[in-house]
Amino acid sequence: MTEQAGTIDPNNLDEEFASRRPRYQEQIARGIDRFFDPRRTTCPWCSSPNLTTILRTGDRNQRKPGIFKLDRCRTCRHVFQNPMLNPEGLDFYYRDFYDGLGRAMIEAVFDTRTDIYQTRARQLAPFFADGSGPKSWLDIGAGFGHFCRDARTVWPDTTFDGLDMGLGVVEAAAKGWVDTAHRGWFPDLAEELTGRYDVISMFHYLEHVLDIRTELDLAASVLPSGGLLQIEVPNPESRLRVLRGWWVQWFQPQHLHFAPLPNLLAALQERGLRPVSVQFAESHIPVDITCASLSMLGCLSPEPRLPWRTVSRGRLGDAWHKAVWWKVYPKLLPLTIKADAALAPLVHRTGDANLYRVLARKD
Amino acid sequence: MTTLEPNPTPVAPSDEDFAAARPWYAAQMAAGVERFLEPRLDTCPWCGSDKLRHRVTTGDLLQRKPGTFHMDECRVCKHVFQNPRLNIDGLNFYYRDFYDGLGGYITEQIFAAHTEVYHSRARMVTPFLTPRHWLDVGTGYGHFCKDAKTVLPDTVFDGLDMGSGVEDGQQRGWLTNIYRGQLPDLVDEVAGKYDVVSMHHYLEHVRDPRAELDVVARIVAPGKYLLIEVPDPTSFTAKMYGKLWTPYYQPQHQHLIPCRNLLQALAERGFTPVRVQRKEAHLPVDLTCAVLSTVSRISPDPRYPWLPEPTAADFRRQARVWKVTPKLLKWAWYADQWMAPLIKAFDGGNAYRVLARRNV
């Protein structure tokens, strides 16, 4: 969300943390209520006034201050952040997550998910039975271009372009992971992209945007007829939501809208995008317990240097942090990974995947 | 669609009327009724999912015309639809002599018995506006408009329908202006003229409800209202009655839309739903209609021109069955009224109503 440079000096982390402190502290001191729009009394998806609050949580990713609430519409089961963050709020909470302090970690996570990216690319295989693959593919919300990097091994003849508002996509172009980088907001760039792509993909993108329907309108107008739109989003109907605020898919404060499958399918159909393939089990990423325990540890013992922290724990806090992250975490991690793996087959059977993936073709 | 001239006062058709209709039906049925069906869909027409579940298979529950009909349910979005659906010829065949012609007399009696429901529909809009011009789409004979005048005495009610009933309605003074035909063909004549456009038990009859909503979005001006009432396929009553559940209404009903889907479709077209009613829209007729449907299965009116030439035995059987039927119907009707509060409290009812305002 910010213009600030994406890289930090890893040898001088103390300095990096400290240099950000004044700005964060100043913003927090001015009050964080201003980061929110007024609370909605009707569902943004179907206008029903039948809302119920299903979750009240803090920032479980970065421990920035603030309370976020998710409401579910009792009529259409759409889930959304209410009150919702405004652009200033989004800027505050995204900062140092995909860039700055958070970048190294998030890149390391993305870097290891090759198998997932290839599974996504292979969802198109039945539609290119001769093995030729699509000619040109635009990945919206491309991040650092990891998907494009790995999807190439599945579709070697395809041109992969990336669109993102962060700097990462430009760097990906320099590395050759994406062929052309489009930096900015999709709504601003849609016009010049019209008709240029056979396939548009949106992985973990729609849950971040302010208005899903507008994005789908644009995708429908950018695609030529016969073009494919691939979408992957969290499944708000998954029973894994019993993890409550610790469930990684709620991902507060970044995720704003959670469309249940029937709602998204109907919205696609409305735009002449006919769903041709829906994947639940194949899109499940078995990390729910691991991420929940990471969040819990992060809550139990946050990084003492975080520039948005308003209280300091002193020397005892430092020791506690070291003990949790050097002693407990390494022992816990293998256990949670095993637990997630053990849970996966069950999740596949009951249709409770934490994500779902839809492929739709424009008529 | 009609075989008779408009009749301002309802008159039961004579035996000669029935006999006169016979050659047309004989010719239609000789060519086979399978031709009335389109190819079966293997995806949901609402959301495109291929997870379909068979819900009911029935014959003609209303008139016992020949033919078998299937309704499927989408397991993803819960949309219920006739699959395979009827083509235009099929709709003409099965609608003929139901709302007008030979069946008009009976159908009208049923329409006339719903004053309470009609009042409650009219009352739904009063907190939001006092309409001056109201268009009722799929108005039939205009019974709703007649009764709604009690609630809204200063409102001018116009009616639109494809059947000859609208002409009767106008002659009886229930409808001020009438439009006869299909809504999409009449857009230019009605667009922007009305404070409220209502569609009561209309959308479930059309072949493509979304296309119909596209049309109505052109008719309702910004700030004006759209009132829709349709059966609720997610109602518990559907499970109680199985294929005898009135809203399956085969072969006429093409699409039964769950409330959440309809609200989304309205939101997509720039409508803001301002009020949803479930209890108030419940039509307490399920048991009565189930009895009627069963009776007409055991012993349909032998004069029906789509049945084989009646014999004396058919008439005797009809006479025997109708000795007990009136009593049965009376009990069923009381039972329906008695169950209605329970159903409303427990489930909401077999239909729902949405009032939506066109966004400015």
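Just after helix α6 of chain A, G176(A) takes a positive phi of about 85 degrees. This briefing concerns a predicted model.

**Helix α6 of chain A**

- Helix α6(A) spans residues 168-175, and its buried residues are G168(A), V169(A), A172(A) and A173(A).
- Viewed down the axis of α6(A), these buried residues fall within an arc of 145 degrees, so they line one face of the helix.
- An α-helix has 3.6 residues a turn, so residues three or four places apart point the same way.
- The cover over the buried residues of α6(A) includes α5, β5 (159-164) and β6 (181-183) of chain A.

**Helix pair α4 and α5 in chain A**

- Helix α4 (residues 114-122) and helix α5 (residues 146-154) of chain A pack with their axes 8 Å apart, at an angle of about 60 degrees.
- The helices α4(A) and α5(A) are therefore oblique to each other, and their crossing is right-handed.
- On the α4(A) side, the contact is made by T114(A), Y117(A), Q118(A), R120(A), A121(A) and R122(A).
- On the α5(A) side, H146(A), F147(A), D150(A), A151(A), T153(A) and V154(A) make the contact.
- The residues in the contact of α4(A) with α5(A) comprise five nonpolar, four polar and three charged.

**Helix pair α4 and α5 in chain B**

- In chain B, helix α4 (residues 115-125) packs against helix α5 (residues 143-151) at an angle of about 60 degrees, and the axes are 8 Å apart.
- The helices α4(B) and α5(B) are therefore oblique to each other, with a right-handed crossing.
- From α4(B), the contact takes T115(B), Y118(B), H119(B), R121(B), A122(B) and R123(B).
- From α5(B), the contact takes H143(B), F144(B), D147(B), A148(B), T150(B) and V151(B).
- By class, five nonpolar, four polar and three charged residues form the contact of α4(B) with α5(B).

**Contact between chains A and B**

- Chain A gives 17 residues to the contact, and chain B gives 16 residues.
- On the side of chain A that touches chain B, the elements that give two or more residues are α9 (261-270) and β10 (273-279) of chain A.
- The largest share of this side of chain A, eight residues, comes from α9(A).
- The side of chain A that touches chain B has 10 nonpolar, five polar and two charged residues.

**Cis peptide bonds**

- N82(A) and P83(A) are joined by a cis peptide bond, with omega about 0 degrees; P83(A) lies in the loop between β3 (79-81) and α2 of chain A.
- Q250(B) and P251(B) are joined by a cis peptide bond, with omega about 5 degrees; P251(B) is in the loop between α9 (236-241) and β9 (255-256) of chain B.

- R64(B), a residue other than glycine, has a positive phi near 60 degrees.
- R64(B) is in the loop between β1 (52-58) and β2 (69-74) of chain B, and it is partly exposed because 17 other C-beta atoms lie within 10 Å.
- H201(B), also a residue other than glycine, has a positive phi near 50 degrees.
- H201(B) is in the loop between β7 (196-200) and α8 (209-219) of chain B, and it is partly exposed because 19 other C-beta atoms lie within 10 Å.

Definitions and conventions:
Residues are numbered from 1 along each chain as its sequence is written. Chains are lettered from A and ligands numbered from 1 in the order in which they are written. This is a predicted model: local features need pLDDT of at least 70, side-chain atom pairs count only at pLDDT 80 or more; totals for chains, interfaces and linings use all residues. Two residues are in contact if their C-beta atoms, placed from the backbone, lie within 7 Å. Helices (H or I, at least four residues) and strands (E, at least two) are DSSP runs, numbered from the N terminus. Ala, Val, Leu, Ile, Met, Phe, Trp, Tyr, Cys and Pro count as nonpolar, Asp, Glu, Lys and Arg as charged, and the others, Gly among them, as polar. Axes are lines fitted to C-alpha atoms, for helices over the stretch in contact, and angles run from 0 to 180 degrees between N-to-C directions. Angles under 35 degrees count as roughly parallel, over 145 as roughly antiparallel, 65 to 115 as roughly perpendicular and the rest as oblique. A crossing is left-handed if the near helix is turned anticlockwise from the far one by less than a right angle, and right-handed if clockwise. A residue is buried if 20 or more other C-beta atoms lie within 10 Å of its own, exposed if 12 or fewer, and partly exposed in between; C-beta atoms are placed from the backbone. The arc is that of the directions from the helix axis to the C-beta atoms.
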